[in-house]
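Me: I'd like to learn how to read a few features in a model like this one. Can you take me through them, general idea and then the case at hand?

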Amino acid sequence: MGQPQSRGDIASLYQALAAEVQEVLRKASAAGGDREDVEAAAWKAYEAWVRAAHASIEKIVATPAIGDVAAAVLNSFLRLQQIGNSVVGSLFAPLWPMVGLTPLTETQALFDRIESLRREVRQRTAPGTLKPRNTSRRAQNGHPPGNKKPASITQ
């Protein structure tokens with residue numbers, strides 16, 4: 001399904017939408033109108049509406065002026081958020097200890113430490129990364145695990 005590129009194409013989509021809506025209304029108002037016919041007409045009207053709305057939105061978004069305005073508005077909102085965060089942080093920073101709450105820096109450091117511990121646990125428990133450890137007394141004393149000869153006792 002190709003998307004319309006000209007005003008005439010978009011206008012024809014809206015004309016098709018109007019025709020589909022009229023068909024739905026005609027079938028719904030008919031005294032002997034079958035429910036399935038009304039539902040089928042309603043679905044066709046819905047699909048016509050989706051096509052027309054999609055084409056209109058694509059046309060609007062493709063306009064350079066709209067993109068510039070959207071970028072400027074987004075940039076303004078992000079700057080306002082940064083200013084708001086810094087104002088709130090500076091106003092409430094001295095109050096946190098009085099209330100008994102930890103400062104954001106300490107809380108963030110704690111979350112970072114927890115995340116690093118999680119990564120470490122994942123690395124150690126990942127399949128294929130565990131190496132068998134020989135914790136027998138003979139291995140600790142420097143004897144190979146396969147050597148069955150008893151060690152000499154020196155006094």
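Me: Let's start with charged side chains. What do the side chains of E120 and R124 meet in?

Reply: The general idea is that side chains of opposite charge can pair when their charged atoms come close. Here, in what is a predicted model, E120 and R124 meet in a salt bridge, at 3.5 Å from N to O. Both sit in helix α5, four residues apart, about one turn of the helix.

Me: How many salt bridges does a search of the whole structure find?

Reply: Three. One of them joins E115 to R118, with the closest N and O atoms 3.8 Å apart. E115 also forms a salt bridge with R122, where the closest N and O atoms are 3.6 Å apart. That links E115, R118 and R122 in a network. E115 and R118 are both in helix α5, three residues apart, about one turn of the helix.

Me: What about a charged residue with no salt bridge? Which side chain of opposite charge is nearest to E20?

Reply: That would be K44, 4.4 Å away. A salt bridge needs nitrogen and oxygen within 4 Å, so E20 has none, even though E20 is buried. E20 lies in helix α1, residues 7-29. Leaving aside neighbours within four places in sequence, E20 is in contact with A41, K44, A45 and A48.

Me: Which residues of α2 are buried?

Reply: They are A41, A45, A48, A52, A55 and S56.

Me: How do I check the length of a helix like α2 against its residue count?

Reply: Compare the expected span with the distance between the end C-alpha atoms. At 1.5 Å a residue, the 27 residues of α2 should span 39 Å, and its end C-alpha atoms are 38 Å apart, which agrees.

Me: And aromatic rings? How are W43 and Y46 arranged?

Reply: For rings, look at the distance between centres and the angle between planes. By that rule the count comes to two aromatic pairs. W43 and Y46 make an edge-to-face pair, 5.6 Å centre to centre with 90 degrees between the planes. Both lie in helix α2, residues 35-61, three residues apart, about one turn of the helix. Ring pairs link W43, Y46 and W49 into a cluster. W43 is exposed at 56%, while Y46 counts as partly exposed at 43%.

Me: Where is P103 found?

Reply: In the loop between α4 (95-99) and α5 (104-125). P103 is partly exposed, with a relative accessible area of 27%. Its C-alpha atom is 9.8 Å from that of G89, 14 residues apart along the chain.

Me: Stepping back, how many helices and strands does the protein have?

Reply: Six helices and zero strands. Buried residues make up 8% of its 155 residues. The protein exposes about 13,300 Å², with carbon and sulfur atoms supplying 61% of that. Of the contacts with a separation of 6 or more, 50% come from residues 24 or more positions apart.

Notes: Residues are numbered from 1 along each chain as its sequence is written. This is a predicted model: local features need pLDDT of at least 70, side-chain atom pairs count only at pLDDT 80 or more; totals for chains, interfaces and linings use all residues. Side-chain values use heavy atoms; hydrogens and water are left out. Helices (H or I, at least four residues) and strands (E, at least two) are DSSP runs, numbered from the N terminus. Buried means under 20% relative accessible area, exposed over 50%, partly exposed in between (1.4 Å probe, protein chains only). Lys and Arg count as positive and Asp and Glu as negative; His and the chain ends are not counted. Contact means heavy atoms within 4.5 Å. Rings of Phe, Tyr and Trp (its six-membered ring) pair if their centres lie within 6.5 Å; planes under 30 degrees apart count as stacked, over 60 as edge-to-face and the rest as tilted. Accessible areas come from the Shrake-Rupley method with a 1.4 Å probe; for residues, only the protein chains shown count as cover. The expected span of a helix is 1.5 Å times one less than its number of residues.
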